[in-house]
Amino acid sequence: MKVFNNIYLIGMMGSGKSSISKLLSHEINFKVREMDEMIEEKFGKTINDIFNEFGESEFRIVESLVLNSLNQEKMCIISTGGGVILENDFNKIKKSNAVIYLKYSPKYLFLNLNKSISNRPLLDEENLLNKINDLYKKRNLLYKRASNIVIDCDGKNLEDIKIEILNII
Ligand code: S3P
């Protein structure tokens, strides 16, 4: 394994960041850090309630604080929220960490997300594919720029994705 502090998993909602984090942590001796859960703990509220009561901008401020606090840690797999690339500069993070973009095209994200949009305030059932397409168009390049490893995940199962990551890091 190469020398780096942490592994950051980035990508759209529904790209399996949480699942892959758990699978990886069983293989390497790194702890999982779930950013969304840490934010929920800070507020004592669900992501949905945070968005409803405080708005997205307040959520993003706390998200950045949590990210900065994690930058001080070592040997963690950090499962980020999909929007973490919007207001945070990963250029510095990239220098001493593995930042892995789990890249799925919208069609696959739609299949992954169709069953699990609850507690995802930026999505709703109506026009789900359009919404995913919009976010993807705005973010795909940001994920690519923020990362130093891109995994093309379309059509692959989680085990294969895990193995691909283990072969690269
Ligand atoms: C968001 C993704 C969510 C969560 C919040 C905003 C986004 O995390 O942080 O709902 O802007 O893409 P997941 O990517 O884990 O669903």
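Where does Met75 lie: in which loop? Met75 sits in the loop between helix H4 (56-70) and strand S3. Everything shown here is a predicted model, in which local features need pLDDT of at least 70, side-chain atom pairs count only at pLDDT 80 or more, and totals for chains, interfaces and linings use all residues. Residue numbers start from 1 along each chain as its sequence is written.

**View 1. Met75, a loop residue with a positive phi.** Met75 belongs to the loop between H4 and S3. Helices (H or I, at least four residues) and strands (E, at least two) are DSSP runs, numbered from the N terminus. Met75 isn't a glycine, yet its phi is positive, near 55°. Met75 also counts as exposed, because it has 12 other C-beta atoms within 10 Å (exposed is 12 or fewer, buried is 20 or more, and partly exposed is in between, with C-beta atoms placed from the backbone).

**View 2. The open sheet of five strands.** Reading across, the order is S2-S3-S1-S4-S5, and the pairing is parallel. S2 and S5 (149-152) stand at the edges with a single partner strand each, so one side of each has no neighbour in the sheet. On average, neighbouring strands are turned by 20° against each other, direction ignored. Strands count as paired if DSSP finds at least two bridges between them.

**View 3. S3 and its two partners.** S1 (residues 7-10) pairs with S3 (residues 76-79) in the parallel sense over three bridges. S2 (residues 31-34) also runs parallel to S3, joined to it by four bridges. Look for Ile77 in S3: it is the bridge partner of Ile7, and Val32 stands opposite Ile77 too. Further along, Leu9 faces Ser79 of S3.

**View 4. What surrounds the ligand.** The shell consists of Met13, Lys17, Asp36, Ile47, Gly81, Gly82, Gly83, Arg120, Pro121 and Leu122 (a residue is near a molecule if its C-beta atom, placed from the backbone, lies within 6 Å of it). Sorted by type, that makes four nonpolar, three polar and three charged residues. Here Ala, Val, Leu, Ile, Met, Phe, Trp, Tyr, Cys and Pro are nonpolar, Asp, Glu, Lys and Arg are charged, and the others, Gly among them, are polar.

**View 5. Helices H6 and H7 packed together.** H6 (residues 106-113) and H7 (residues 128-146) pack at about 130°, their axes 9 Å apart. The two helices are therefore oblique to each other (under 35 degrees is roughly parallel, over 145 roughly antiparallel, 65 to 115 roughly perpendicular, and the rest oblique).

Technical notes. Axes fitted to C-alpha atoms, helices over the stretch in contact; angles between N-to-C directions.
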